Amino acid sequence: MIEADVAIVGGGPGGYVCGIRAAQLGLSTVLIEADRLGGECVNYGCIPSKSLITVSKLADKVKEAEKYGLKASGVSVDFVQLQKWKGEVISRLVSGIELLLKGYHATILKGEAEVVSKDRVIVTTDQGREEVSCKNLVLATGTRTSSLPGLEIDGDLVISSKEGLDLKNAPKRLMVVGGGAIGLEFASMFQKLGSTITIVEIMEQLLPGSDLDLVRVVHRKLEGHGAKIYLKSKVLRVDKKGSEAAVEVETPDGKIKVEVDKILVSVGRKPRTEKLNLPTLGVQTDPRGYIMTDSRMQTSVPGIYAIGDVRGPPLLAHKASKEGIVAAEVMAGMPSAADWKVIPEAVFCDPEVASVGLTEAKAVEAGFKVKRNRFQFAALGRALAAGEPEGFVKVISNEADGLVLGVQIVGPEASDLISEVALAIEMGATVDDIALTIHPHPTFPEAIMEAAESAAGRPIHQLKS
Ligand code: FAD
């Protein structure tokens, strides 16, 4: 029997970060992971997808190299080497996490955990059953892919993102069912790697819930490169014939048939709670099965905490990690809570989309008299020099005092740019604060400064509206 102050079930970005922080704070900590440290993000999500996206973008850039006076011929993607490299990136991160946990004297237990009571967990390891007795229990078991009736994942013709990241080549004809963040990242990536793309989305826009102005830019680019996008549409039936399938899709213009070689299903995720015995423990969940907590990550049962994806949307690694830190600090007696104002989001499609704080629609809904100012990347020296003039930065501010309420970006490096604004909003910055901050030239973040200058009423590289 292992005794610990803290037992954490799940070693993803929520669980492992919680483990590091708890151990740093002097709590004896056991981290239980059934698969690989790093969880979905490091092994099957954020990191492998961004590794492949990086290469797909590079391949795409080289294809148009002549435009820039660069002669390149015979360029092709070696999937074996690509997958090997992706595997090395993952392994390096997984080993780093293990080193950190051990360095802070946390115990790593590899095996599947079954929660028996709030202070007892049974772990099935390769060596047999191990019992963990704990004063505090953290549930960080994440989510798994959902599917749809008739579109069950077979791992071959009908795949989830997990298999999609391990493909040995780019499918000739790929159908992506679900045009959310994951679906769009795969669509952009495989389009660049040579696949013909069809996207089927049940809602009336791609990236449902996101600002339509941004989404239009991505939609246009996908279509411009030959993708067929069916909105307000759904898959009715899949007829498999060997290594291909005929898919019947119901669209607003009637039923159509699409021949494909792979169908990637990205229609959402569901909480992974089977082994947690939540009803017996009395841990409350919401109607979708996500574990409910207060702002200190405490569930309805004192001593049991929940963090990360299993606690509900937004399903993002950085949110999971911050919640892990809060839980660890609360268990150590510190006055921590989820007191952040905003959680930035980024989608690594092409061009990238990133958002933080309120969209224009949400700001209006919240009762603000809103100012909305844009700056186009086409007017930015750095973007032109990088050959990436698409997209814009949109700043939403409060007309009365210039407070920055939200920023949405579609364009190059949007995922990196958004952090500056997240900091601005956390610090209660106004558009003047951003406009008055000197940004180095020529860089992409100047687009944020330029949009803020417009919002402050003194645009430089665009005409006054
Ligand atoms: P997870 O990472 O899911 O970790 C949970 C862990 O718990 C798993 O390792 C699992 O094996 C383990 N576990 C479950 N049950 C048990 C048990 N009974 N016993 C022992 N262990 C158990 N997020 C971003 O922020 N940015 C991105 O770019 C991004 N890209 C993504 C791309 C894809 C294709 C996918 C699928 C996801 C992506 N995400 C991204 C989401 C991100 O992966 C998750 O938000 C994040 O992994 C959640 O972390 P977590 O710790 O809550 O759970």
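This is a predicted model: local features need pLDDT of at least 70, side-chain atom pairs count only at pLDDT 80 or more; totals for chains, interfaces and linings use all residues.

Let me begin with a definition: two strands are said to pair if DSSP finds at least two bridges between them. By that criterion, β12 and strand β13, residues 244-251, pair in the antiparallel sense over 7 bridges.

I turn now to another sheet. Here 5 strands form an open sheet with parallel pairing, and their order is β8-β15-β9-β10-β11. Why is one side of β8 and of β11 left without a neighbour in the sheet? The reason is that β8 (158-159) and β11 (228-230) stand at the edges, so each has a single partner strand. For β8, pairing with strand β15, residues 262-265, is parallel and runs over 2 bridges. Within this pairing, Ile159 has Leu264 of β15 as its bridge partner. Helix α6, residues 181-192, packs on this sheet and touches β9 (173-177), β10 (196-200) and β15. The direction of α6 makes about 165° with that of β10.

Finally, let us consider the ligand. Which residues come nearest to the ligand? Of the 39 residues around it, they are Gly14, Glu33, Lys50, Asp309 and Ala317. By class, this shell comprises 15 nonpolar, 15 polar and 9 charged residues. Several elements supply at least two residues each, among them α1 (13-24), β2 (29-33), α3 (46-63), β4 (112-117) and α9 (317-331). The element that gives the most is α2, with 4 residues.

Lys50 places a polar side-chain atom 2.7 Å from an oxygen atom of the ligand. Backbone atoms take part as well: a polar one of Glu40 is 2.9 Å from a ligand oxygen atom, and a polar one of Pro13 is 3.3 Å from a ligand oxygen atom. How much of the ligand's accessible area does the protein cover? On its own the ligand has 1,000 Å² of accessible area, and the protein covers 93% of it. Thank you for your attention.

Key
Residues are numbered from 1 along each chain as its sequence is written. Side-chain values use heavy atoms; hydrogens and water are left out. A residue is near a molecule or strand if one of its heavy atoms lies within 4 Å of it. A polar contact is a pair of N or O atoms within 3.5 Å; within protein, one must be able to donate a hydrogen and the other to accept it, and residues adjacent in sequence count only if both atoms are side-chain atoms. Accessible areas come from the Shrake-Rupley method with a 1.4 Å probe; for residues, only the protein chains shown count as cover. Ala, Val, Leu, Ile, Met, Phe, Trp, Tyr, Cys and Pro count as nonpolar, Asp, Glu, Lys and Arg as charged, and the others, Gly among them, as polar. Contact means heavy atoms within 4.5 Å. Axes are lines fitted to C-alpha atoms, for helices over the stretch in contact, and angles run from 0 to 180 degrees between N-to-C directions.
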